[in-house]
Amino acid sequence: MPESNLLPLTTHPLRQSLYDELHARPFHLVATPQQISHLAVQAGEEEQEEAFTLLKQLCRRYRVNPPPAGGTTYRQEFGDFVLHWERHMEFYSLTLLRPCPPGDAPFSDPTFDLLPVDWAKDLPGQAVAAFHLTVDNETEDATPEELGGFFEGQKVILSEVKGGKALLGSAFKLHGDGFGRFMIRNRGLSDAQMGRLVRRLIDLETYRLLSQISLPLAKRIAPELESMDQQLAKTLSSILKIDDAGDERDLLQSLSRQAARLESFRAETNHRFSATRAYHDLVLHRLQVIGEEKVEGYLTMGEFITRRLTPAQRTCQSVQDWMEDLSRRIERAGDLLRTRVNLTLQEQNRSLLASMNRRSRLQFRLQETVEGLSIAAISYYLVGLVGYLIGGLPLERWHLDKKVLMALSVPVVLGSVWWLTHRIKHRLIKAPAHGE
């Protein structure tokens, strides 16, 4: 329902939905007696949309008002039963209720059978929670034999709640029809109190099952992590025995493969393990809110559930912590090995620079030698040219001797060639360095 903006300022676009969220999944009245069937189906986004479409088709079949588009909860009477549908993050749920006395065989005619078979078989996703719940107002306690008969002879978990105003019973087993079974005997609860108890019991069983999905995953990954842990220990010990760069390269490749493998495990499990912690906390909260009291000779639901649920949750947590620890150790090993490789490269670069310096000095000496020979050769040819020039002059008239002039020209030519050579070298080598 859109908000009429009566405030004298702009409101946040989510303001109305923030108020509606508190009322999204209210407690409903549950009269006694009542037969209830509950189904929680794990499904992705597309499957949830498909289930929502099927729900609207069921509404058209029964000629009842369909759910609003984008709704997360829907409750409607379908004649013989009431259907309550909810959309969650990773599952959707169907709860069917009918005010019918359970009779002597309370689970022989479940409410789930009222759904059209052709419609129910098309529900997408994978069912995680599926159980029947009966609410009766029997005042006399059933004998252990009678309770066992309700649950096909399985050992029953029994407890009292609300100061003895209700009795809860279950075997926490799958029975012949593939459903679990719960029984509530009302000894004085109002319809509102019973509605809250039923809702909390449904949440308890649904979240209990969802929280345990990751346990097989943790058990499957644990041996792989142990193998990786041993391989990492061997890699770390091999770092101390490295002889050449080839060994360092092989160890870096091995660490990279281990890191990639570990990241694939983390990507596979992080979401599931996080959900396990959240569901486990919800289960503990529901157990606390129900407020069980022990019945002599029976385990309470809290005692039975936490005996196995808490170790399972800790197993998942330990595997997740193990992966985080391995990730940090692989990263540290990689840093250590890269540091060693960098030191090796620095040592190689130092040797290479020293070798280049030696070659540069030799090249410089050779260049100076060639430069001196070049000056001598150029001077020799210039002195020859000077000789030809002097030979054409009237030296006798000037009373000059050719040999004396030739001798005097040698130092002049050598000095001129040396000066010109160094001038050219200065322009070609020194001048670009100053211009940079």
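Which residues is Phe 81 in contact with, leaving aside its neighbours within four places in sequence? The legends below begin with that residue; the model is predicted.

**View 1. Phe 81 and its contacts in the predicted model.** Leaving aside neighbours within four places in sequence, Phe 81 is in contact with Tyr 62, Gln 76, Leu 96, Leu 97, Arg 98, Thr 111, Leu 114 and Leu 115. Phe 81 sits in the loop that runs between β2 (73–77) and β3 (82–87). With a relative accessible area of 3%, which is under the 20% cut-off, Phe 81 counts as buried. Pro 8 is 73 residues away from Phe 81 in sequence, and the two C-alpha atoms are 47 Å apart in space.

**View 2. Arg 98 in strand β4.** Strand β4 covers residues 91–98, and Arg 98 is part of it. The relative accessibility of Arg 98 is 10%, so this residue counts as buried. Its side chain makes a polar contact with the side chain of Thr 111, at 3.5 Å. Neighbours within four places in sequence aside, the residues in contact with Arg 98 are Gln 34, Gln 35, Asp 80, Phe 81, Asp 109, Pro 110, Thr 111 and Leu 114.

**View 3. Helix α5, residues 191–211.** The helix has 21 residues. From its first C-alpha to its last, α5 reaches 30 Å, close to the 30 Å expected at 1.5 Å a residue. Of the 21 residues of α5, 16 are buried, so the helix is largely enclosed by the rest of the structure.

**View 4. Two buried cysteines, Cys 59 and Cys 316.** Cys 59 has a relative accessibility of 0% and counts as buried. Cys 316 is also buried, at a relative accessible area of 3%. A search of the whole structure finds zero disulfides.

**View 5. The whole chain, as context for the close-ups.** The chain has ten helices and nine strands. Its radius of gyration is 46 Å, well over the 22 Å that the globule rule gives for 436 residues, so the chain is more spread out than a compact globule. The C-alpha trace spans about 160 × 60 × 45 Å along its principal axes. Buried residues make up 39% of the 436 residues. Among contacts between residues at least 6 apart in sequence, 70% join residues at least 24 apart. The accessible surface comes to about 26,100 Å², and 56% of it belongs to carbon and sulfur atoms.

Key:
Residues numbered from 1 in each chain as written. Predicted model: local features only at pLDDT ≥ 70, side-chain atom pairs only at ≥ 80, totals over all residues. Heavy atoms only, no water. Helix = DSSP H or I, 4+ residues; strand = E, 2+ residues; numbered from the N terminus. Buried < 20%, exposed > 50% of the residue type's maximum accessible area, 1.4 Å probe, protein only. Polar contact = N/O pair within 3.5 Å; in protein donor to acceptor, adjacent residues only side chain to side chain. Contact = heavy atoms within 4.5 Å. Expected span 1.5 Å × (residues − 1). Rg over C-alpha atoms; globule rule 2.2 N^0.38 Å. Areas by Shrake-Rupley, 256 points an atom, 1.4 Å probe, with all protein chains shown as cover. Disulfide = S-S within 2.5 Å.
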